[in-house]
Amino acid sequence: MISLKIVLRYPVSLNVIRRLTSGDVVHYIGKIVVVDKEVVDIIEKYEKSEGIKLYDLTGEIVTVGRFDKNKFFFQEVTEEVLEKLFLMGVSGVVLNKRSNFPVAKRFSRVLFEPLEEVKGTRKVVYKTPDGKKLEELEVEGLTLRVIQDSSGKMYTRV
């Protein structure tokens with residue numbers, strides 16, 4: 001059984017994010033932005049070409065992947081994708097795979113892993129002609145663990 005130490009409610013400030021430490025277990029209530037990694041590129045290109053944001057990711061908790069038949073599937077995240085997200089103002093990213101990403105330390109952001117299935121009430125915000133989506137997911141208490149804190153420290157199982 002996991003004992004919950006911290007309750008995070010949307011919106012989560014960077015001050016709170018930066019106080020989380022590797023291994024902390026949090027109970028998150030609020031919005032998570034679900035984005036296909038190709039949509040990350042679209043958002044970046046749109047802002048560069050138009051000078052305005054297609055979708056404001058400032059302060060958001062994000063996970064990269066897609067829903068298929070109401071089941072969430074994570075997409076592989078690279079250092080480059082994380083850097084783009086952090087440059088867009090993302091505070092934290094939920095991943096399913098542990099890797100050391102120096103970019104999280106450079107931007108003083110955190111990486112989480114879910115300790116349960118990622119699910120909630122979904123709202124499609126943006127959809128590309130080829131079916132890629134950006135969705136907002138309202139969660140009523142998703143249990144997450146900090147796997148890399150803003151200082152770059154990785155969680156290791158004890």
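## Local geometry and packing

K69 is exposed, with a relative accessible area of 80%, where exposed stands for over 50% relative accessible area, buried for under 20% and partly exposed for the range in between, computed with a 1.4 Å probe on protein chains only. The model is a predicted one, in which local features need pLDDT of at least 70 and side-chain atom pairs count only at pLDDT 80 or more, while totals for chains, interfaces and linings use all residues. Residues are numbered from 1 along each chain as its sequence is written, and side-chain values use heavy atoms, with hydrogens and water left out. The pLDDT, which is the predictor's confidence in each residue on a scale from 0 to 100, has a mean of 93 over the chain, and 97% of the residues reach 70 or more. Among the elements of the chain, the lowest mean pLDDT, 93, belongs to strand 7 (residues 121–127), and the highest, 98, to strand 5 (residues 92–94); helices (H or I, at least four residues) and strands (E, at least two) are DSSP runs numbered from the N terminus.

K69 is placed in the loop between strand 3 and strand 4, and its phi is near 55°, a positive value in a residue other than glycine. N70 has its place in the loop between strand 3 and strand 4 as well; although N70 is not a glycine, it has a positive phi of about 65°. N70 is exposed, with a relative accessible area of 62%. Most residues other than glycine have a negative phi, and most peptide bonds are trans. A cis peptide bond is found between Y10 and P11, with omega at about -5°, and P11 belongs to the loop between strand 1 (6–9) and helix 1 (14–19).

V64 is buried, with a relative accessible area of 1%. When neighbours within four places in sequence are left aside, V64 is in contact (heavy atoms within 4.5 Å) with V35, D36, K37, F72, F74, Q75, V77, L85 and V94. Between V64 and D24, which are 40 residues apart in sequence, the C-alpha to C-alpha distance is 21 Å. R66 is partly exposed, with a relative accessible area of 39%. With its neighbours within four places in sequence likewise set aside, R66 is in contact with K71, F72 and F73. The C-alpha atoms of R66 and K37 are separated by 9.2 Å, these residues being 29 residues apart along the chain.

Q75, one of the contacts of V64, is found in the loop between strand 4 (71–74) and helix 3. Although it is a loop residue, Q75 is buried, with a relative accessible area of 17%. Apart from neighbours within four places in sequence, Q75 is in contact with V35, D36, K37, V64 and G65. The C-alpha atoms of Q75 and K37 are separated by 7.4 Å, and the two residues are 38 residues apart along the chain.

In helix 3, the residues V81, L82, K84, L85 and F86 are buried. The buried residues of this helix pack against helix 2 (37–50), strand 3, strand 5, helix 4 and strand 6. After helix 3 comes G89, whose phi is positive and near 100°.

A pair of aromatic rings is described by the distance of the centres and the angle of the planes. The structure holds 3 aromatic pairs, counted where rings of Phe, Tyr and Trp (its six-membered ring) have their centres within 6.5 Å, with planes under 30 degrees apart taken as stacked, over 60 as edge-to-face and the rest as tilted. The pair formed by F86 and F107 is tilted, with 5.9 Å from centre to centre and 40° between the planes. This pair links distant parts of the chain, since F86 lies in helix 3 (residues 79–87) and F107 in the loop between helix 4 (102–106) and strand 6 (110–114), 21 residues apart. Both F86 and F107 are buried. One aromatic cluster is formed by F67, F72 and F74; of these residues, F72 and F74 are among the contacts of V64, and F72 is one of the contacts of R66.
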